[in-house]
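Please work through the exercises below with the sequence and the model side by side. Each one sets a task and then gives a solution in steps.

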Amino acid sequence: MNNNHRLDLIISADDFGLVPSVTDGILQGMSNGCITETNLIATSAYCVEAATTAKQHHLTHMGIHLNLEIGHSCFDGSALPNNKLPKGSWIYYNWVEKEFIAQCECLIRQGITLSHLTYHKDIITDVNMAQIVAKIAKLYKIPIRRVGNQKLNAYLTNLQINMPDIRIANTGGIDYSFTYLREKLHLVSKSTPKVVEVICHPGYTSEILSHISSLNVGRLQELKLFTDPKTICMIEEEGYTLQNYSILGDK
C-alpha cells in the first residue's frame, strides 16, 4: 500500500513488571517482534527485579503504567486500592497526584528514563484526574496515552499535552487476531497523517500470573501475534513506520 501521508505506529505492551513471566514476554516481543514500547507497574512487588532485567536487556527508556489497584502504593506503602479515602473528594485527588508522582519517581530511581504516561484500566475518567496527568506530563516534559473519554482528550489537547492521534485496543472482550489488527490499521490508514498507538498485553503464562490477573493465556496469544513475521509484513504493507513514544517529542 502506498500512502501519501505519514503513518507512525507505536505498539505498546502494558504491565512490564507485573510478574516475571509478563516481563520476559514483553522483552521477547521487543527484541524479536514489532513491540516498540512498554510501561512499568511501579507498585508491583516485582518492580525492582523488572527494572534490573530491563537494564540487562539495554532497555533504558519506558513509560509508567499509572494504577491504583495493583500491589502497594509508592507514596505511602498502603495496599491498593486505597479504600480509606473518599473517592471524588479533594483529599482523594491530592493523594492520587502524590501517588502518581511517586510511581514516576520509582522508575527514575531505578536508573531508567521516564518516556511517557499510560494508565491501567482507563482510570482517567474525570477532569480532576485529567488535570493531574496533565500536570505530571508537564512536570516531566513527556507525552501521554490518549484516554478513553474523547472530551477529556480534547481538554488535554487544549492544554498542549502531546498524545497519539489514535489508539487501538482489543476492548469489549475481543481477542486480538491478525485479521482484527489488520482491519483496524487499514481503516486508520485511509485518513490524515497520524501517530497511532496499538495497546497490547503480551507475556508468558505462569501460575503467579493466574493468581493476580484474569488475562493469562491471552497474553501468550498476543505475544505470538506480535512476534509473527506475518504481522510485521502486514504493518509495512499498510504503510506504517514502527516508532516509540519519542516520535511525539516533535509532534
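## Exercise 1: Thr60 and its contacts

Task: find which residues Thr60 touches, not counting residues up to four places away in sequence.

Solution. Leaving out residues up to four places away in sequence, Thr60 touches Ile112 and Thr113, where contact means heavy atoms within 4.5 Å. The model is a predicted one, in which local features need pLDDT of at least 70 and side-chain atom pairs count only at pLDDT 80 or more, while totals for chains, interfaces and linings use all residues. Residues are numbered from 1 along each chain as its sequence is written, and side-chain values use heavy atoms, with hydrogens and water left out. As a next step, compare the chain with space: Thr60 and Thr113 are 53 residues apart along the chain, and their C-alpha atoms are separated by 6.1 Å. Thr60 itself is found in the loop between H2 and E3; helices (H or I, at least four residues) and strands (E, at least two) are DSSP runs, numbered from the N terminus. With a relative accessible area of 37%, Thr60 is partly exposed, given that buried means under 20% relative accessible area, exposed over 50% and partly exposed in between (1.4 Å probe, protein chains only).

## Exercise 2: Backbone features in loops

Task: determine which peptide bond is cis, with omega near 0°, and where His58 and Lys121 are placed.

Solution. The cis peptide bond runs from Leu80 to Pro81, with omega near 0°. Pro81 has its place in the loop between strand E3 (61-66) and helix H3 (90-109). Turning to phi, His58 has a positive value of about 60° although it is not a glycine. His58 is found in the loop between helix H2 (47-56) and E3, and this residue is exposed, with a relative accessible area of 71%. Lys121, which is not a glycine, likewise has a positive phi of about 60°. The loop that holds Lys121 lies between strand E4 (113-119) and helix H4 (127-140), and Lys121 is exposed at a relative accessible area of 61%.

## Exercise 3: Aromatic rings

Task: state how many aromatic pairs the structure holds, and describe the rings of Tyr92 and Tyr93.

Solution. There are three aromatic pairs in the structure. The rule is that rings of Phe, Tyr and Trp (its six-membered ring) pair if their centres lie within 6.5 Å, with planes under 30 degrees apart counted as stacked, over 60 as edge-to-face and the rest as tilted. For Tyr92 and Tyr93 the ring centres are 5.7 Å apart and the planes stand at 65°, so this pair is edge-to-face. Tyr92 and Tyr93 are both buried. Another edge-to-face pair is formed by Tyr176 and Phe226, at 5.6 Å centre to centre and 90° between the planes. This pair links distant parts of the chain, 50 residues apart, with Tyr176 in the loop between strand E5 (166-168) and helix H6 (178-189) and Phe226 in helix H8 (residues 217-226). Tyr176 is buried, with a relative accessible area of 9%, and Phe226 is buried as well, at 0%. Finally, ring pairs link Tyr176, Tyr180 and Phe226 into a cluster.

## Exercise 4: The whole protein

Task: state how many helices and strands there are in the protein, and what percentage of its residues count as buried.

Solution. The protein has nine helices and seven strands. Of its 251 residues, 51% count as buried. Along the principal axes, the C-alpha trace spans about 55 × 45 × 35 Å. Among contacts between residues at least 6 apart in sequence, 72% join residues at least 24 apart.
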